[in-house]
Amino acid sequence: MVASPPRSDAGTDVETFGNYINDEWRPAASGATMENRNPANRDEVIGHFAASGQEDVEAAIAAADEAYRTWRLSSPITRANILHKAANILESRIPDVGRELTREEGKTLKEGIGETTRAVQILRYFAGEAQQPSGEHYPSANPNTLLYTTREPLGVVAVITPWNFPIAIPAWKIAPALAFGNTVVFKPASNTPLTALRFVEALAEAGLPAGVLNLVTGSASKVGDPLVQDPRVVAISFTGSTETGAELRQTAAKRGAKIQLELGGKNPAIVLADADLEHAVGQVVAGAMMSTGQKCTATSRAIVDRRIADRFTELLADRIGGLKVGDPLAAETQIGPLIDDRAADRVASEVDAAKKTSAELLVGGGRLGGALERGAFVAPTLFTGVEPESRLGQHELFGPVLGVIPVDSMEEAIAVANQVKFGLSASIFTRDLGRALTFAREIEAGIVHVNSETAGAEPQVPFGGMKGSSSYSREQGKASREFFTQVKTVYMDPPPSA
Ligand code: UN1
């Protein structure tokens with residue numbers, strides 16, 4: 001077992017990687033490891049990672065708890081300097097880390113590099129945010145009282161992240177948690193531990209004190225459960241499935257932990273008759289198919305004015321049918337595999353079920369074999385005539401599947417768009433300013449786009465959804481301070497003069 005993470009030459013040696021606890025890279029206490037394979041080629045092992053358990057979680061929480069005593073008192077300027085340094089370290093490794101990300105997650109190399117670059121930008125943003133004013137000064141009824149608020153850190157925070165943005169999401173949770181003086185135990189998704197480890201490595205090398213950030217890899221049941229149940233863990237930031245989110249909400253409520261959830265989406269793109277169709281088709285296809293549709297912000301419903309529905313659907317079919325699916329490391333590939341075979345089988349069976357409904361399959365429709373049979377590939381798929389209430393119209397598939405729903409009016413479009421349990425992101429394509437404004441007001445979504453795709457998130461603005469997509473809290477931007485700190489109000493009176 002390794003003492004520090006090796007910089008493996010991608011594609012050659014299969015390395016073994018440990019946890020990072022109290023500034024030490026170490027194997028799981030049990031010695032157990034788990035294997036991580038390339039979703040584009042299941043014969044290729046990316047690495048072996050610690051299959052941790054209760055004892056490792058305990059060590060990580062103890063380290064974070066101890067480190068919190070001093071980290072909470074450290075200067076935000078010191079924290080900012082460490083985040084800046086980590087950004088520089090990670091930036092110097094973008095080509096390597098981006099490539100590793102692609103090998104273990106399956107998004108295209110362009111996306112892997114893009115996401116790693118985004119993590120660097122997020123670190124820089126939060127380095128800046130650490131230096132922003134924190135707290136307020138208020139007038140008091142007593143003219144001698146100095147009345148002010150400060151924002152204090154929470155304590156030990158659990159960060160639990162999904163595989164679909166294996167470096168950007170850890171960055172936008174961990175960077176603010178640290179910037180505002182919390183310590184962290186980080187449990188990444190088991191499908192993408194290497195990218196998580198590279199992110200932690202950059203922060204460790206940047207000089208984070210021991211115990212401030214701890215990485216524990218392993219399963220949800222053996223690592224996630226003991227982590228979220230420990231009373232020393234005062235807050236949980238989670239992005240992932242709606243089902244796990246619902247369980248975590250209960251756990252947190254029972255023991256009074258602060259919680260932030262980013263869950264699913266069933267994001268609509270409304271295309272009105274006056275839209276620039278060429279532009280709209282490009283954006284809708286990007287929103288639906290990039291990262292193989294595995295974004296909680298992905299577009300899964302195109303709600304289209306019936307007058308242009310045939311023309312628009314034809315353009316969609318052309319574009320989706322022409323997408324190049326293949327090895328995500330190859331320059332010409334536009335769509336990589338799904339995260340694993342289980343996900344590919346699940347999406348394929350949802351597609352099979354949809355074929356039996358009144359919806360009409362136009363493009364794709366199942367797993368891809370032949371040269372791609374060693375990977376978790378599903379053909380980019382387009383259905384039209386999707387019933388808004390059908391499973392395809394309601395259920396998040398998390399794959400490269402888009403359904404067209406024709407409608408008769410803008411009012412109907414918005415009603416259909418809102419008729420799902422989710423409310424993460426939504427787009428409209430129109431040249432009409434009044435309609436764009438009406439949409440922005442009426443749509444039940446935390447993130448609204450006019451004439452751009454439903455995915456994407458800039459670090460300086462709040463990110464999060466309405467309804468079942470979130471837990472009313474927001475991530476990134478100034479909103480991150482609200483989650484990762486708590487307010488203290490101070491009444492400071494001078495002692496009565498003698
Ligand atoms: C994006 O759209 O670029 O898990 C980010 C997800 C979201 C992040 C989306 N929480 O897909």
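In which sense do strands S4 and S5 pair, and over how many bridges? In this predicted model, S4 and strand S5, which spans residues 41-50, run antiparallel to one another and are joined over six bridges.

S4 and S5 belong to an open sheet of three strands, whose order is S1-S5-S4 and whose pairing is mixed. The edges are formed by strand S1 (15-17) and strand S4 (33-38), each of which pairs on one side only. When direction is ignored, neighbouring strands of this sheet are turned against each other by 35 degrees on average. Across S1, S4 and S5 lies helix H6, made up of residues 193-205, and the helix runs at about 45 degrees to S5.

**The sheet of S6, S7 and S22**

Another open sheet of three strands has the order S6-S7-S22, and here the pairing is antiparallel. Its edge strands are strand S6 (137-138) and strand S22 (485-492), each pairing on one side only. Strand S7, residues 146-153, is joined to S22 by eight bridges, and the two run antiparallel; Pro-153 stands opposite Thr-485 in S22.

**The surroundings of the ligand**

Which residues come nearest to the ligand? There are 13 residues around the ligand, and of these Arg-118, Asn-164, Cys-296, Thr-297 and Gly-456 come nearest. The residues of this shell divide into seven nonpolar, four polar and two charged.

| Residue | Polar atom of the residue | Distance to an oxygen atom of the ligand |
|---|---|---|
| Arg-118 | side chain | 2.9 Å |
| Asn-164 | side chain | 3.0 Å |
| Gly-456 | backbone | 2.7 Å |

On its own the ligand has 320 Å² of accessible area, of which the protein covers 98%.

Technical notes:
Residues numbered from 1 in each chain as written. Predicted model: local features only at pLDDT ≥ 70, side-chain atom pairs only at ≥ 80, totals over all residues. Heavy atoms only, no water. Pairing = 2+ DSSP bridges. Helix = DSSP H or I, 4+ residues; strand = E, 2+ residues; numbered from the N terminus. Axes fitted to C-alpha atoms, helices over the stretch in contact; angles between N-to-C directions. Contact = heavy atoms within 4.5 Å. Near = heavy atom within 4 Å. Polar contact = N/O pair within 3.5 Å; in protein donor to acceptor, adjacent residues only side chain to side chain. Areas by Shrake-Rupley, 256 points an atom, 1.4 Å probe, with all protein chains shown as cover. Nonpolar A, V, L, I, M, F, W, Y, C, P; charged D, E, K, R; others polar.
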